[in-house]
Amino acid sequence: QGSVSQCCRASGCLAEVLNGYARAGVWDEDLFNCLSNKAKALKAEEVPASSIAGIVNAFSHASTRQGSNLKCRALLLHMSRIAKAKEPGAFTPRDIANIINAFARVEVWEEGLFRHMSALVRATPPERLSLRDAARILHAFSLARSRTGSRFRDGSIFRHVAARVLMLLPALEPRDTSARDLAALAHAHTRAQIWDERLFRALSSAVRRLPPAQVNVKDIAELGSAFSLVHTRDGSRLRDGAFWRSMSTIALGKSLDQLAREPRAVANIVNAFAKAQIWDEVLFRRMSRAARMTEPGLLDMGAVA
């Protein structure tokens with residue numbers, strides 16, 4: 001037992017070292033390769049759930065950086081086998097989101113792991129799932145793919161998490177709600193092509209309760225982009241003028257300096273309104289003025305296009 005305990009501590013230290021290098025942007029590939037071999041020698045009982053999340057997260061960042069020659073597929077598959085051997089309750093919702101995100105980032109489509117993690121989420125007591133956890137988990141699963149490259153389909157986890165969100169939102173004070181989390185939930189559903197109109201109406205209501213100061217320019221762009229897709233899909237019954245009026249009011253309340261510092265977000269706001277066929281000329285003129293004030297150094301080809 002002492003040996004297993006020591007290995008658990010060692011795997012935790014391994015995860016911390018790897019993530020420390022990843023956060024600092026220091027990419028020592030010899031070190032990462034050496035630690036990869038150490039990690040692949042670990043057994044399931046020697047790696048706590050939180051360490052699995054930390055290890056795969058660090059390697060996914062290291063192997064996808066520009067110019068990287070680091071290969072981590074074998075390590076991730078080994079961590080997948082360990083994760084699938086864990087008992088329900090071993091993982092926190094954040095661990096699950098981080099693991100799925102890591103596999104998606106490096107395009108290792110391990111369907112068995114995705115289904116196992118989905119089952120663990122659905123077995124999680126509802127009170128353990130916060131709004132942020134819900135956003136992280138659905139964002140991660142919306143990125144997952146099957147081995148054939150098609151979207152990984154698991155409507156059960158979206159239904160389960162959406163039910164929890166619908167219970168949470170009415171009880172949350174605006175100060176306890178993040179525009180970023182609401183945008184992530186909306187985007188996850190549109191990316192996965194899950195059209196839960198009851199959920200979208202609840203998200204819209206929650207957005208409209210937020211104090212304008214709590215919603216930044218990027219949040220407006222993210223929310224607008226997600227809702228424009230719901231508005232325009234075939235057969236949509238979502239015609240939410242109140243949402244678009246709220247977004248317009250918040251955007252018009254931002255200073256020109258705030259808008260000019262976010263040229264890509266400004267472009268995305270205009271695109272979202274245009275896609276949803278919401279013709280707000282006052283907003284468009286304000287966005288145009290902000291775009292003309294943007295410093296050339298802040299512009300990239302995406303914002304210009």
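This is a predicted model: local features need pLDDT of at least 70, side-chain atom pairs count only at pLDDT 80 or more; totals for chains, interfaces and linings use all residues.

Trainee: Why does a spacing of four places matter in a helix?

Mentor: The general idea is that an α-helix has 3.6 residues a turn, so residues three or four places apart point the same way. Here, R285 and E281 form a salt bridge, with their closest N and O atoms 4.0 Å apart.

Trainee: Are R285 and E281 buried or exposed?

Mentor: R285 is exposed, at 62% relative accessible area, and E281 is exposed too, at 54%.

Trainee: How many salt bridges are there?

Mentor: The count is three. As a general idea, side chains of opposite charge can pair when their charged atoms come close. Take K84 and E110: their closest N and O atoms are 3.2 Å apart. This pair links distant parts of the chain, with K84 in helix 4 and E110 in the loop between helix 5 and helix 6, 26 residues apart.

Trainee: And how exposed is K84?

Mentor: K84 counts as partly exposed because its relative accessibility is 34%, while E110 is buried at 10%.

Trainee: Which residue does D181 pair with?

Mentor: D181 bridges to R132, the closest N and O atoms being 3.0 Å apart. That pair also links distant parts of the chain: D181 is in helix 9 and R132 in helix 7, 49 residues apart. D181 is buried, at 9%, whereas R132 is partly exposed, at 39%.

Notes
Residues are numbered from 1 along each chain as its sequence is written. Side-chain values use heavy atoms; hydrogens and water are left out. A salt bridge is a side-chain nitrogen of Lys or Arg within 4 Å of a carboxyl oxygen of Asp or Glu. Helices (H or I, at least four residues) and strands (E, at least two) are DSSP runs, numbered from the N terminus. Buried means under 20% relative accessible area, exposed over 50%, partly exposed in between (1.4 Å probe, protein chains only).
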